Amino acid sequence: MIFTIVIMERIIIMKKGFTLAEVLITLGIIGVVAAMTIPTLMTKYAKQRTETQLVKFYSMMNQTLRMSVADNGDPDGWIIAKKTYTYDETVEFLNTYIFPYMKHLGYEECSANGQIWVCVTLMDGGITTFSIDPNGGDITYYNDKKYVNNKTLPNIARHKFRFQMAKVSGVDNVTNSISYIEPYVYGWKKTKEDLINGNTRSCAPECTGCDFCTKLIQMNSWKIPSNYPW
């Protein structure tokens, strides 16, 4: 009889469940854990997405160039040396050598830092800018749709990625990447240290130009390194 009463008491206690205080404490703990882990997971996802976008853009642009070379021959003379192209001249270049081999959603004039660009909206919603100055061709890829929609081009490393074509090195005056597109390395001294701390183009913490950041990612097998100014 006593044994039965003890069992009944345990069953009654189990059926009571959690108190309100216990539930609130549990939810509070879950909230704290979520607040600590969700931003990290979101940042990790954003970096992985950016890596995928960069590789896709890099492959797409070089495939575009290869198809253009097949039709238009040696690209050595495509860009007039030591000349700053106007917007119309840049559009003419793109209409001849790039646009026939690259799908896009349209283009328009835009500017950044006093320089005129041709802004091209890509099929994935990103945007790329083209310009040609006396040192060669400059290409910048912006991967965030909200900046495209607002017509504002971000100057921060996690959304802005620089590339070049037929660009003079800026160090030994040798023209690089005549038949392919590569990450921007104008003025680079060809050391990893120079990519990070060499000059105003370097991918340093809180960088503003951040021009060398794309090259730094490429040298890390197209993975964003831990010291990247995200």
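In what follows, Ala, Val, Leu, Ile, Met, Phe, Trp, Tyr, Cys and Pro count as nonpolar, Asp, Glu, Lys and Arg as charged, and the others, Gly among them, as polar. The model is predicted, and local features need pLDDT of at least 70, side-chain atom pairs count only at pLDDT 80 or more, and totals for chains, interfaces and linings use all residues. Residues are numbered from 1 along each chain as its sequence is written, and side-chain values use heavy atoms, with hydrogens and water left out.

Helix α3 spans residues 87–97, and its buried residues (under 20% relative accessible area, with a 1.4 Å probe and protein chains only) are Y87, T90, V91, F93, L94 and Y97. Seen down the axis of α3, these buried residues fall within an arc of 160°, so they line one face of the helix; the arc is that of the directions from the helix axis to the C-beta atoms. On the other side of α3, D88 and E92 are exposed, a term that stands for over 50% relative accessible area. Helices (H or I, at least four residues) and strands (E, at least two) are DSSP runs, numbered from the N terminus.

Rolling a probe the size of a water molecule over the atoms shows where empty space is left. The structure holds two cavities of 30 Å³ or more, a cavity being a set of points, on a 1 Å grid over the protein atoms alone, where a 1.4 Å probe fits but cannot get out, and lining residues having an atom within 4 Å of a point. The largest cavity, with a volume of about 70 Å³, is lined by 13 residues, of which F93, F130, G137, I139 and M165 lie nearest its centre. Two or more residues of this lining come from each of α3, β3 (127–133) and β4 (136–142). By class, the lining of the largest cavity divides into nine nonpolar, three polar and one charged.

The second largest cavity has a volume of about 30 Å³, and its lining is made up of Y85, T86, Y87, T90, I116, W117, V118 and F130. The elements that give two or more residues to this lining are α3 and β2 (115–121), and β2 gives the most, with three residues. Six residues of the lining of the second largest cavity are nonpolar and two are polar, while no charged residues are present.

S169 is found in the loop between β6 (167–168) and β7 (175–176), and counts as buried because its relative accessibility is 9%.

Definitions and conventions:
On a 1 Å grid over the protein atoms alone, a cavity is a set of points where a 1.4 Å probe fits but cannot get out, and a pocket is an open set with protein on both sides within 12 Å along at least five of seven lines; lining residues have an atom within 4 Å of a point. Grid points are joined across faces, edges and corners, and a volume is the space filled by probe spheres set on the points.
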